[in-house]
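Have the structure open while you read.

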Amino acid sequence: MQTATRLREIADDLLVVAGGVGEGLAGLRDEELLDVMAAFEAVGRVVSAGQVRVAGEVGVRSRSELGDEGLSRSQNFTSPVKLVASVTGTSARECKARLELGRRLRGAVLLGGGEGPAPFPAVGQALDEGILPVETASIIVSRCAELAERGCAPDEVASAEQTLVDETINCHLTADQTAKLAIHLRELLDPDGAEPRDEVHQQLRSLTIAQAGDGMIRGRFALTPEQGGVWLASIQALQSPRVSGPRFLSEDEFVAEAATADTRTQAQKNADTVTELIARATGAPDMPRLNGATTTVNVHISLDDLEAGRGVGWIDGIDEPVPASTVAQLRCSSPMAATLFGDRGAVLYHGKTERLFTAAQNRALAARDGGCVWPDCDRPPSFCETHHADEWVSKDHPPGRTDIDNGVLLCHFHHSHLHKSSWKLTMHAGVPHLIPPRWIDVTQTPIPTTRRRTIRRPAA
């Protein structure tokens, strides 16, 4: 009880110090602030090490062979996790992590009830001295345990443990950096372990998609390393910024670029990028065809709603409707067949792919626009959709007519944004112009926009 009393006294002292620091953080210099952060981290490491050690002892005293005499059961808890959670108030996940690391650091229980030698002495010593974070200790122990399970010699496992501890401390590695180093060291000591791990990865790969109650399509996925490499490389290739030389901006250009800035989060960009990749793949020549047509998605909407730009469309297989603006966007360039219904439900018209711009027209548009015409968008022509400047339902361009002077290249995101926002796109003298909404520009002055490389820009 003296230990617990002393620890509580230390905790009370720390509360006084922490309270004073919290009130004066704003007045600290940068160097002082970082010094305080490091000091709190040092204290936290000592405390975390004690939490792990105590949890490990609780786990040993609650082991299953003790039955009802075990610590957790004797305290009316069905597991040591619930006992630790009740005492500490932490989550079950955190309690499991403390119990697992504490168990691995503690020596085995001998027949006489004593404790055997510690399996990871280097980690245990560094942890108790407060120079190794708990998260890093858990990583080192896990990787070294893998080596032991694979049959590596005890001296090799001990050498790997000491190396990881020394490198982490001497080189001031973060937990993420130690994890990468541990993987490389594991492969050096156990090069044959990759095959069995890959078999496990192959069994665990999965992708589940379902419609949620809020109308969104949600899912979970687990990819093998090579599948993850394909996904990441493809996403990064489409999201990489366009490399261009510096240039001076006039006041009007600066205002235009600020008004058209991409405000998507990284997660939203990832979702749009994967959707773009799938959409492009469905149109590939070697994709499977049904009744002579590439992959299509049917959307149903009434003719009155489509012409009026209101109402909703219904996609086959999806319970949640989409607004008319989305249907109008898909009518521009998507291989989506829109089935139009009259007031009494009769089918009036079923769209055909002839409404789309031809390959020759798209090549001409690529030469003219150079990619997505939205300011500062880096999508090349191969990743763009063709938008009708005058919508296909207008009187000037009835359904089926696709003139090159009416086509504009837009990436999927900006194509969707244009159909759903107050921005307008028109053609003047063969050059696309964006008309901003009144809340951006009261005069709604058209902004010429093109990536045509023959237009000269002032160079820095």
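**Notes on the fold and its cores**

1. Let's start at cysteine 144. Leaving aside residues up to four places away in sequence, Cys144 touches Phe120, Val157, Ala160, Glu161 and Leu164. Keep in mind throughout that this is a predicted model.

2. Cys144 belongs to the largest nonpolar core, which has 23 residues. Together with Leu105, Phe120, Val123 and Ile140, Cys144 is among the members that touch the most others in that core. Two or more residues each come from helix 2 (30-61), helix 5 (92-105), helix 6 (121-128), helix 7 (134-149), helix 8 (154-170) and helix 9 (175-189). Helix 7 gives the largest share, six residues. As background, nonpolar side chains in soluble globular proteins tend to be buried together.

3. Helix 6 is worth a look by itself. Its buried residues are Ala122, Val123, Gly124, Ala126 and Leu127. The cover over them includes helix 2, helix 5, helix 7 and helix 8. After helix 6 comes glycine 130, with a positive phi near 75 degrees.

4. How do helix 2 and helix 6 pack, in angle and axis distance? The angle is about 130 degrees, and the axes are 8 Å apart. Helix 2 is therefore oblique to helix 6, because an angle over 145 would be needed for roughly antiparallel and 65 to 115 would be roughly perpendicular. At the contact, Arg45, Ala49 and Arg53 of helix 2 meet Gly124, Leu127 and Asp128 of helix 6.

5. Now the cysteines. The structure holds zero disulfides. Cys377 is buried, at 7% relative accessible area. Cysteine 95 is buried too, with a relative accessible area of 0%.

6. Most residues other than glycine have a negative phi. Asparagine 76 has a positive phi of about 70 degrees although it is not a glycine, and it sits in the loop between helix 3 (71-74) and helix 4 (80-88). Histidine 172, also a residue other than glycine, has a positive phi near 55 degrees; its place is the loop between helix 8 and helix 9. Are these two buried or exposed? Asn76 is exposed at 72% relative accessible area, and His172 counts as exposed at 67%.

7. For the strands, see the open sheet of three, ordered 10-11-12 with antiparallel pairing. Strand 10 (424-428) and strand 12 (447-448) are its edges, each pairing on one side only. Strand 11 (residues 431-435) pairs with strand 12 over two bridges, and leucine 434 stands opposite isoleucine 447 of strand 12.

8. Finally, the overall picture. The protein chain has 17 helices and twelve strands. Of its 460 residues, 30% count as buried. Among contacts with a separation of 6 or more, 51% come from residues 24 or more positions apart.

How values were computed:
Residues are numbered from 1 along each chain as its sequence is written. This is a predicted model: local features need pLDDT of at least 70, side-chain atom pairs count only at pLDDT 80 or more; totals for chains, interfaces and linings use all residues. Side-chain values use heavy atoms; hydrogens and water are left out. Two strands pair if DSSP finds at least two bridges between them. Helices (H or I, at least four residues) and strands (E, at least two) are DSSP runs, numbered from the N terminus. A nonpolar core is a set of buried Ala, Val, Leu, Ile, Met, Phe, Trp, Tyr and Cys residues joined through side-chain atoms within 4.5 Å. Buried means under 20% relative accessible area, exposed over 50%, partly exposed in between (1.4 Å probe, protein chains only). Contact means heavy atoms within 4.5 Å. A disulfide is a pair of cysteine sulfur atoms within 2.5 Å. Axes are lines fitted to C-alpha atoms, for helices over the stretch in contact, and angles run from 0 to 180 degrees between N-to-C directions. Angles under 35 degrees count as roughly parallel, over 145 as roughly antiparallel, 65 to 115 as roughly perpendicular and the rest as oblique.
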